[in-house]
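Dear colleague,

I am handing over the structure we spoke about, and my notes on its side chains follow below. Please read them with the model open beside you.

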Amino acid sequence: LYARRLLEDDDTEEAEHWLKKASENGNEYAMYLLYKCYRDGRIEDRENEKMKYLKMALSKGYDAAEYEYGKLLREKEPEEAMKYFKRAADKNNAYAAYAYGKMCADRGDINKAKIYFGMATRSKPELGFRVGMWYYYDLGNHEMGKRQLKNAAENGNVAAEEALNAINRGIDTRLAWGVLNLFRHASRVIDD
């Protein structure tokens, strides 16, 4: 906790020291946070230790580390990625539950996808936007899709609110969302 405070104050050198000490004492959150600081460039990874700390957190069964590792494996080793997503999801990590559900859906295991999407949206209602879009467009279950979008909108998800408005006006939300994402990407390129 002291290291987190130091990070907030941009004292990264001292934060790194305390995160390493906490990691040596077995604190899986410190291990994962140190990995993230290295990954994001917040702390310079002079000794190339980023993966060391992620793997330390993995060995402790830390759900956020399992989710992160699954993301790293998703493209090249999807079977392994699914194992890590499932482990983290079964520890109530909503993002891992969504990722696992998505991979199940992509493989045609719709029932399992529904279970894990449900787990994801119970913990993080904002994920209801993606789940609602999946129900509405991919499964053609308009009632459930709108219900998921409405729940996400009620929990402050602006994209879900806009999607509902577009659906109610008869506009294919996927097309509108794609155009919006294109403009966001173009604005980032211009900013860069």
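A charge is taken to sit over a ring if NZ of Lys or CZ of Arg is within 6 Å of the ring centre and within 35 degrees of the ring normal. On that rule the charged end of Arg 87 sits over the ring of Tyr 84, 4.6 Å from its centre, and the charged end of Arg 130 sits over the ring of Tyr 98, 5.4 Å from its centre.

Some conventions come next. This is a predicted model, in which local features need pLDDT of at least 70 and side-chain atom pairs count only at pLDDT 80 or more, while totals for chains, interfaces and linings use all residues. Residues are numbered from 1 along each chain as its sequence is written, and side-chain values use heavy atoms, with hydrogens and water left out.

Aromatic pairs

Rings of Phe, Tyr and Trp (for Trp, its six-membered ring) pair if their centres lie within 6.5 Å, and planes under 30 degrees apart count as stacked, over 60 as edge-to-face and the rest as tilted. The structure holds 13 such aromatic pairs. One of them joins Tyr 69 and Tyr 84 edge-to-face, at 4.9 Å centre to centre and with 80° between the planes. Tyr 69 lies in helix 5 and Tyr 84 in helix 6, so this pair ties together parts that are 15 residues apart in sequence; helices here are DSSP runs (H or I, at least four residues), numbered from the N terminus. Both Tyr 69 and Tyr 84 are buried, where buried means under 20% relative accessible area, exposed over 50%, and partly exposed in between (1.4 Å probe, protein chains only).

The rings of Phe 117 and Trp 134 have their centres 4.8 Å apart and their planes at 70°, so that pair is edge-to-face as well. Here too distant parts of the chain are linked, with Phe 117 in helix 8 (residues 110-123) and Trp 134 in helix 9 (residues 128-139), 17 residues apart. Phe 117 and Trp 134 are each buried. Elsewhere, Tyr 29, Tyr 32, Tyr 35 and Tyr 62 form one aromatic cluster.

Salt bridges

Counting a salt bridge wherever a side-chain nitrogen of Lys or Arg is within 4 Å of a carboxyl oxygen of Asp or Glu, the total comes to 17. In one of these, the side chains of Glu 66 and Lys 91 meet at 3.0 Å, N to O. Glu 66 is buried, with a relative accessible area of 4%, whereas Lys 91 is partly exposed at 38%.

Other salt bridges lie within a helix. Lys 83 and Glu 80 meet at 3.0 Å, N to O, and both lie in helix 6, three residues apart, about one turn of the helix; Lys 83 is partly exposed at 45% relative accessibility, and Glu 80 is partly exposed at 28%. Arg 147 and Glu 143 also meet at 3.0 Å, N to O, and both lie in helix 10 (residues 142-154), four residues apart, about one turn of the helix. Arg 147 is partly exposed, with a relative accessible area of 45%, while Glu 143 counts as exposed at 59%. Through shared partners, salt bridges also join Glu 16, Lys 20, Arg 46, Glu 49 and Lys 52 into one network.

Lys 20 is found in helix 2 (residues 12-24) and, with contact meaning heavy atoms within 4.5 Å, touches Leu 34, Tyr 38, Glu 49 and Tyr 53, not counting residues up to four places away in sequence.

Nonpolar cores and cysteines

A nonpolar core is a set of buried Ala, Val, Leu, Ile, Met, Phe, Trp, Tyr and Cys residues joined through side-chain atoms within 4.5 Å. Of the 48 residues in the largest such core, Leu 7, Leu 19, Tyr 32, Ala 65 and Phe 85 touch the most other members. Helix 7 gives the most to this core, with nine residues. Apart from this core lies another, of 12 residues, among them Phe 129, Ala 152, Ala 159 and Leu 164.

Finally, the structure holds zero disulfides, a disulfide being a pair of cysteine sulfur atoms within 2.5 Å. Cys 37 is buried, with a relative accessible area of 4%, and Cys 104 is buried at 3%.

With best wishes

Terms used
Helix = DSSP H or I, 4+ residues; strand = E, 2+ residues; numbered from the N terminus.
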